[in-house]
Amino acid sequence: MFISKLFIEFVIYSFVGWVYECIYCTVKEGHWRNRGFLFGPICPIYGTGAVLCSIVFGYLPWFRGIPYNMIPIWKIFLICAVGSIILEYSTSYFLEKRFHAVWWEYNDIPLNINGRVCVPATVGFGVAGVLVTRFVLPFSEKVKAMVNPYVAEVIALLLMAYLAADLVLTVSSLIHLLDMVEGAMAEFDEKMEDVYQTAAATPVRAKEAITAVPARAREAIASAAESLDFRQRYQLKNIKNFRFKRPVFRGGRKLNTDRMSEFYKGLQDRITGNER
């Protein structure tokens, strides 16, 4: 029963985080942005942070039995700020390692660490942790006490099924997107190799072959964009940047990751240009 209620809290806080992200990005960019790693209206990192606040300040020995409004604000702020650094950095690192993609980055903000975390955001999360702990959690505890345990079990199971389906669809879509781009890049590299060999063998045609490269690249991007489904378009619009920390191989040959990044950017420009 306890786990069920925590899971429901996780989903609710994740939804609130998604609403915040959408509003913030929409105001900042001047057009609607549907934010989030998953397809549904959920930002799991917010739900995880809020539930961790509930566990740390409500159930760990150091704070158990102490009313939320009696816990010193500086302790709440410090714990939430440090916790946000660990959570945000590790999440960013994992997503980048698995999908070569970055959903947020702070490279243009002072006092950042590898663009994954920064002092202004950490301070903001610390303040948010204070607000959640002092005002939201006491209200949440009262609501949880009023909910029938069996009702909570049913709701939690339904939400879990939904979240699992969303996660499977998201991951499979991203893997397919990566596979498609790697395949397109391998094919493009093969064509370019033929072009360079032709240019080397026939110096007279070298200029013609080299000037044809940008057009061939645009053709490859256009062809790849045509094959994207709506889920992959959604993911491309939400991804902030692409980074390749390890070599990428396809068919036994090493792909040019710089060109892959440019290819991804070309796809993003293509779909946003077509759909605005």
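Ile73, Ile76, Phe77, Cys80, Ala81, Ser84, Ile85 and Glu88 in helix H3 meet a set of residues in helix H4. Their partners in H4 are Thr122, Val123, Phe125, Gly126, Val127, Gly129, Val130, Thr133 and Arg134. The residues of this contact divide into 10 nonpolar, five polar and two charged. Keep in mind that this is a predicted model.

Now look at how these two helices lie. H3 covers residues 73-99, and H4 covers residues 119-146. Their axes come within 7 Å and cross at roughly 125 degrees. Angles over 145 degrees count as roughly antiparallel, and 65 to 115 as roughly perpendicular. The crossing of H3 past H4 is right-handed.

Turn next to the start of the chain. Helices H1 and H2 pack at an angle of about 135 degrees. Their axes are 6 Å apart. H1 and H2 are therefore oblique to each other. Their crossing is right-handed. From H1, the contact uses Phe2, Leu6, Glu9, Phe10, Tyr13, Ser14, Gly17, Tyr20 and Glu21. From H2 come Pro44, Tyr46, Gly47, Thr48, Ala50, Val51, Ser54, Ile55 and Tyr59. By class, the contact of H1 with H2 has 11 nonpolar, five polar and two charged residues.

A pair of aromatic rings is described by the distance of the centres and the angle of the planes. The whole structure holds nine aromatic pairs. One of them joins tyrosine 20 and tyrosine 46, with ring centres 6.1 Å apart and planes at 65 degrees. Planes over 60 degrees apart count as edge-to-face, so this pair is edge-to-face. Tyrosine 20 sits in H1 (residues 2-29), and tyrosine 46 sits in H2 (residues 44-59). The two are 26 residues apart, and their pair links distant parts of the chain. Ring pairs also build a cluster from Tyr20, Tyr24, Tyr46 and Phe125.

Move on to helix H5, residues 149-201. Leucine 174 lies in this helix. Its relative accessibility is 3%, so leucine 174 counts as buried. Which residues does leucine 174 touch, leaving out those up to four places away in sequence? They are Phe37, Phe99, Trp103, Gln235 and Ile239. Take Phe99 from that list. The C-alpha atoms of leucine 174 and phenylalanine 99 are separated by 7.2 Å. Along the chain, these two residues are 75 residues apart.

At 0% relative accessibility, threonine 170 counts as buried. Beyond residues up to four places away in sequence, threonine 170 touches Phe37, Leu38, Phe39 and Gln235. Phe37 and Gln235 are among the contacts of leucine 174 as well.

Finish with the backbone. Most residues other than glycine have a negative phi. Histidine 100 is not a glycine, yet it has a positive phi of about 60 degrees. Histidine 100 lies in the loop between H3 and strand S1 (101-102). With 4% relative accessibility, histidine 100 counts as buried. Leucine 111 also has a positive phi of about 60 degrees, although it is not a glycine. Leucine 111 is placed in the loop between S1 and strand S2 (112-113). Its relative accessible area is 62%, so leucine 111 is exposed.

Notes: Residues numbered from 1 in each chain as written. Predicted model: local features only at pLDDT ≥ 70, side-chain atom pairs only at ≥ 80, totals over all residues. Heavy atoms only, no water. Axes fitted to C-alpha atoms, helices over the stretch in contact; angles between N-to-C directions. Helix = DSSP H or I, 4+ residues; strand = E, 2+ residues; numbered from the N terminus. Left-handed = near helix turned anticlockwise from the far one by under 90°. Contact = heavy atoms within 4.5 Å. Nonpolar A, V, L, I, M, F, W, Y, C, P; charged D, E, K, R; others polar. Phe/Tyr/Trp six-rings, centres within 6.5 Å; stacked < 30°, edge-to-face > 60°. Buried < 20%, exposed > 50% of the residue type's maximum accessible area, 1.4 Å probe, protein only. Parallel < 35°, antiparallel > 145°, perpendicular 65-115°, else oblique.
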